[in-house]
Amino acid sequence: MAGASRILQTTFLPTFSKNPSLHPTRTPSHGCYLPPTAKRAALFDRIRCSVAAAGEDTAMAGVSWGCDVDSMDNAAALQAWLSESGLPPQKMGIQKVEVGERGLVALKNVRKGEKLLFVPPSLFITADSNWSCREAGEVLKQYNVPDWPLLATYLISEAGLMNSSRWSNYIAALPRQPYSLLYWTRPELDRYLEASQIRQRAIERINDVTGTYIDLRDRIFSKHPDLFPAEVFNMESYRWSFGILFSRLVRLPSMDGRVALVPWADMLNHSCEVDSFLDYDRSSQGVVFTTDRAYQPGEQVFISYGKKSNGELLLSYGFVPREGTNPSDSVELSLSLSKSDKCYREKVAALKKQGLSSMQCFPLQITGWPLELMAYAYLAVSPPSMISQFDEMAAAASNKTAAKKDIRYGEIEEDALQFILDACETSISKYSKFLQTSGSVDLDVTNPKLLNRKVFLKQLAVDLCSSERRMLFRAQYILRRRLRDMRSGELKALRLFDGLRKLFK
């Protein structure tokens, strides 16, 4: 699964104006959006056929353009078009690979520290790219549509033009159904990811995409059906385009954080063992990355998609690294205040001042947990006598401040650690229940086409839940040891005090 995103965009509901500044009237069709009549009919026929052919094991029908995720049919045409369009000679080529199905493989010896790619800006797709259907682009810009929905609509518009679009070779090489939790149904999310907090984030992301499409449809597309026909601009096509953006859009630090789709570069797959990332190189005027290891001919070349947990990688890219191989892996631990707490209202008010709620999630890593989690635990167990310190605890539980404050309250530290331990063990029980009922499916999930869909999704869920439970087990072990040591120390102190008291009797 190719992708090169360095960002995780979780909310993108458009804030465009209901009425564009120029108050455009309904634009008459000039034939720019859609292909000639015969081609348009063929396109719509394929769309109808793809919907009709969706079987019980296929959650989403898919779009009519693009290719299978492991297809090499359009690779040669893509490479030829890129070369003709300004891509310099490459030391890598697209091939089928073991990790990611398609990827860039070294054709020559590649040195450590060598710069590769050099994709020129003329091959970037950005919010400023020229539309093949100029009228459609003008309408969206008049409504001040934000970059993400604008790029999603741009992709669909260009895809609908088929060979009439400049990007036809690129779009033909994109996966018809990107690996993304956007393609999981709600019952599948509920069944397979019930124990993981990624389930809720996936639901929120799906709702964001759905809400974005509905807003665009109601505010713009319905007023310009000749430019945005429902046969092409529909929920399925937006699920596809946002799936492409989540898995392939890259943020370029040296271009002031500008986001872009970068053809060819987005064929690079992720490895947890490398730190190389994409960026714009001003000297060569192209997108490059610098290798942090050497590659021999025939080896797949990797970059890093960023320091993301296994859950985040599944959410955007649809894969889970092998357990224990991702140093950035974490699991979200949910903590919440007790409504029976005598100071529940005061604690909620303190949290609200910091933009927090009575229920918060904090990341646990194999190496430990953040200071914010401990601060939240202090607040959760603090007695009414500490009410004057609620604001301090809530502020420390927020990550808004650059300087993190390691606050300590010795008198309630044991209660706070026990509070975290209880939350860990509650979460562990949920993971264990799922893993016990699901069992470990020993299958090669790098070739999902060969697998039943449900088995494939189940294996991904098993891999994710196993890695997340592993970190919870580690936290449980550390917490139990600390509590044992604290209680053992207290017991020794009590025995010493009792012995001294008897001595002086």
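Helix α9 (residues 310-317) is largely enclosed by the rest of the structure, because eight of its eight residues are buried (under 20% relative accessible area, with exposed over 50% and partly exposed in between; 1.4 Å probe, protein chains only). Helices are DSSP runs of H or I with at least four residues, numbered from the N terminus. The buried residues of α9 are N310, G311, E312, L313, L314, L315, S316 and Y317. Just after α9, G318 adopts a positive phi of about 80°. The model is predicted, with local features requiring pLDDT of at least 70 and side-chain atom pairs counted only at pLDDT 80 or more, while totals for chains, interfaces and linings use all residues. Residues are numbered from 1 along each chain as its sequence is written, and side-chain values use heavy atoms, with hydrogens and water left out.

Rings of Phe, Tyr and Trp (its six-membered ring) were paired if their centres lie within 6.5 Å, with planes under 30 degrees apart taken as stacked, over 60 as edge-to-face and the rest as tilted. The count by this rule is 17 aromatic pairs. W184 and Y192 form an edge-to-face pair, at 6.5 Å centre to centre and 90° between the planes; both residues are buried. Y213 and Y238 form a tilted pair, at 5.5 Å and 40°. Because Y213 lies in helix α7 (residues 198-219) and Y238 in helix α8 (residues 235-248), this pair ties together parts 25 residues apart in sequence. Y213 is buried at 8% relative accessible area, and Y238 is buried at 0%. One aromatic cluster is formed by W148, Y213, F221, F228, F233, Y238, F242 and F246.

R205 lies over the face of F246, 3.7 Å from the ring centre (CZ of Arg or NZ of Lys within 6 Å of the ring centre and within 35 degrees of the ring normal).

Note on methods. Helices (H or I, at least four residues) and strands (E, at least two) are DSSP runs, numbered from the N terminus.
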